[in-house]
Amino acid sequence: MDVAIIGIGIHPFGRTPARSGLQQGAYAARLALQDAGIEWRDIEFAFGGSASAGNADALGNELGLTGIPFINVANGCATGGSSLMTAYNAIRSGAHDIGLVAGFDKHDRGAFNADPKALGLGEWYGEMGLMMTTQFFAMKIQKYMHDHGISKDTLARVAHKAFINGSLNPNAWRRSPVALEEIASSTMVSDPLTKYMFCSPSEGGVALVLCRADKAKSYCARPVYLKSAVLKSRRYGSFEVFAPSQALQQVAGPTVDASRAAFEMAGVGPKDIDVSQLQDTESGAEIMHMAENGFCEHGEQEQLIQSGATQLGGSMPINTDGGCLANGEPIGASGLRQVYENVLQLRGAAGDHQVPGNPRLAYSHVYGAPGISAVTILQR
Amino acid sequence: MSKRVPIAEGLFTWPAERPALLGSRCNNCGIASFPVAESCMACSGQDVTIEELPSRGTLWTWTIQQFMPKSPYNSGETPETFRPYGVGYLELPGGVRVEGRLTENDPEKLHIGMEMDVVFDTWRTDSNGDEIIGFFFQPSN
């Protein structure tokens, strides 16, 4: 049984003081139901999550209490991807015909401050200032630049593109382009990454309505099909965030594993993909994730990005809605935002940030602490 | 009477004439990990031996933390007195790559592959006057 996405909804990302995170989730859910042409009472199950804005099943208080199974999902940055994968399996198994996945969040300003105990780490790790996702990303790209010849200018170009794409996306947080020189010379946050090269915790909500593929056309003229949805966690030897030590021998990370499995499940390869959303919590992540997801060899990013291949009109458009850099990161909503954007692209409905060429296959990837990755492949 | 106490028990030998980080080595697959764990992340084995890790290694990667982290960061600093600090992974031969703070915070003086020593020094002073001891990586002379 294949699975289709027949409805999508989003609450604009950024800061919305007048609405709670939950209300932003409900706003997105109502739009997704409306897009699918159905009512909340038609939904047979729901999965969802938020990291800082309460239990997703409290959406029932906003949308109506209908008695459906609603499961709260908490899986860091891969919360949305995890909800989606579970919903995909619930429909594929034949247990349900139609369901909703939702993700929303509302974070305080400033970098995340994770609790070492929640990850099985000693309190000393946080006390001494090592419990910082920003440090991990900086150290990973620092090593990667050293090994694969990526320049600081290329780091700046990733952020430059993100803000251009964000300026074309009415739901993005950062809606103004930022000059390349300003990005490169802005305040250093964690060497080699400057302020504009990092995304910030933000707010937003996304919801998707999924159903059995054979029933999709009764709801939606242009359904998009979920060809794969895969979640992987780290294996021993991969270099991950929040790791007081790591192995001397490095192995491929969960992104590589999830990507390979997703391509195999979908029966397609990286060259078939027309548009991609790759986790860009900072500029370096987008660069490294290009190779980890199989879109190029390690080091080829330098030439690809410098030549504009990853821009909207390029041969390999990436993060076409501005990504995390222009949308910020509401943890629960972020992964589903990527899928929302891919559905828009495949419907040809992305407006000013639509990629040309009538895309057919779209790819999304998230990475989260303490070493998990979710990948989905969509086809129209 | 103030004391010098380690930031966490079992992280390194203390008190000791020459303190050393403590790791656990799996007696099944030979993999070492830090801090000491009761089982092996690589092979799931539960037969491990605690050992002292080498005191000198090479810097595998690094960054500078330029802003003051929120709690649980607890250094006794204020936003006014905060000083950016280096963080890196030190590759200890035959052991593991251990993450820690660097004594150096000038990016011009740090490069991948440089030799560094594990040192033990006061991290902060507790409200009762005790010195809390942590571990740091310092460029070798």
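**Salt bridges, interface and core**

Modeller: Over all chains, this predicted model holds 23 salt bridges.

Biologist: Which residue forms a salt bridge with A:Asp97?

Modeller: A:Asp97 lies in the loop between helix 3 (79-92) and strand 4 (98-106) of chain A, and its partner is 115 residues away in strand 7 (residues 203-212) of chain A. The closest N and O atoms of the pair are 3.5 Å apart. The partner is A:Arg212.

Biologist: Is A:Arg212 buried or partly exposed?

Modeller: Buried requires a relative accessible area under 20%, and exposed over 50%. A:Arg212 has a relative accessibility of 22%, so the residue counts as partly exposed. A:Asp97, at 21%, therefore also falls in the class partly exposed.

Biologist: Where in chain A do A:Asp321 and A:Arg337 lie?

Modeller: These residues form a salt bridge whose closest N and O atoms are 2.8 Å apart. Both A:Asp321 and A:Arg337 are buried. The two are 16 residues apart: A:Asp321 is in the loop between helix 10 (301-306) and helix 11 (323-327), and A:Arg337 is in helix 12 (residues 331-347).

Biologist: Why does B:Asp130 count as buried?

Modeller: B:Asp130, in the loop between strand 8 and strand 9 of chain B, is paired with B:Lys3, in the segment before strand 1 (4-6), 127 residues apart. Their side chains meet in a salt bridge at 3.6 Å, N to O. B:Lys3 is partly exposed because its relative accessible area is 48%. B:Asp130 counts as buried because its relative accessibility is 7%.

Biologist: Which salt bridge joins A:Glu127 to chain B?

Modeller: Side chains of opposite charge can pair when their charged atoms come close. The count between chain B and chain A is 1 salt bridge. Its closest N and O atoms are 3.3 Å apart, and the partner of A:Glu127 is B:Arg124.

Biologist: How many residue pairs are in polar contact across the interface of chain B and chain A?

Modeller: The contact takes 45 residues from chain B and 35 residues from chain A. About 3,500 Å² is buried between the chains, with carbon and sulfur atoms giving 61% of that area. Counting pairs with both residues at pLDDT 80 or more, the polar contacts number 20 residue pairs.

Biologist: Which strand of chain B gives the most to the side that touches chain A?

Modeller: Strand 3 (32-33) and strands 5, 6, 7, 8 and 9 of chain B each supply at least two residues of that side. By class, the side has 27 nonpolar, 12 polar and 6 charged residues. The strand that gives the most, with 6 residues, is strand 5.

Biologist: How many helices and strands does chain B have?

Modeller: From the N terminus on, the elements of chain B run β-β-β-β-β-β-β-β-β. The secondary structure therefore comes to 0 helices and 9 strands, where strands are DSSP runs of at least two residues.

Biologist: Which members of the largest nonpolar core touch the most other members?

Modeller: In soluble globular proteins, nonpolar side chains tend to be buried together. The largest nonpolar core has 49 residues. Among the contacts of B:Leu21, not counting residues up to four places away in sequence, are B:Phe34, B:Val98 and B:Phe135. The members that touch the most others are A:Trp124, B:Leu21, B:Phe34, B:Val98 and B:Phe135.

Notes:
Residues are numbered from 1 along each chain as its sequence is written. Chains are lettered from A and ligands numbered from 1 in the order in which they are written. This is a predicted model: local features need pLDDT of at least 70, side-chain atom pairs count only at pLDDT 80 or more; totals for chains, interfaces and linings use all residues. Side-chain values use heavy atoms; hydrogens and water are left out. A nonpolar core is a set of buried Ala, Val, Leu, Ile, Met, Phe, Trp, Tyr and Cys residues joined through side-chain atoms within 4.5 Å. Buried means under 20% relative accessible area, exposed over 50%, partly exposed in between (1.4 Å probe, protein chains only). Contact means heavy atoms within 4.5 Å. Buried area is the accessible area (1.4 Å probe) that two parts lose on being put together, summed over both. A salt bridge is a side-chain nitrogen of Lys or Arg within 4 Å of a carboxyl oxygen of Asp or Glu. A polar contact is a pair of N or O atoms within 3.5 Å; within protein, one must be able to donate a hydrogen and the other to accept it, and residues adjacent in sequence count only if both atoms are side-chain atoms. Helices (H or I, at least four residues) and strands (E, at least two) are DSSP runs, numbered from the N terminus. Ala, Val, Leu, Ile, Met, Phe, Trp, Tyr, Cys and Pro count as nonpolar, Asp, Glu, Lys and Arg as charged, and the others, Gly among them, as polar.
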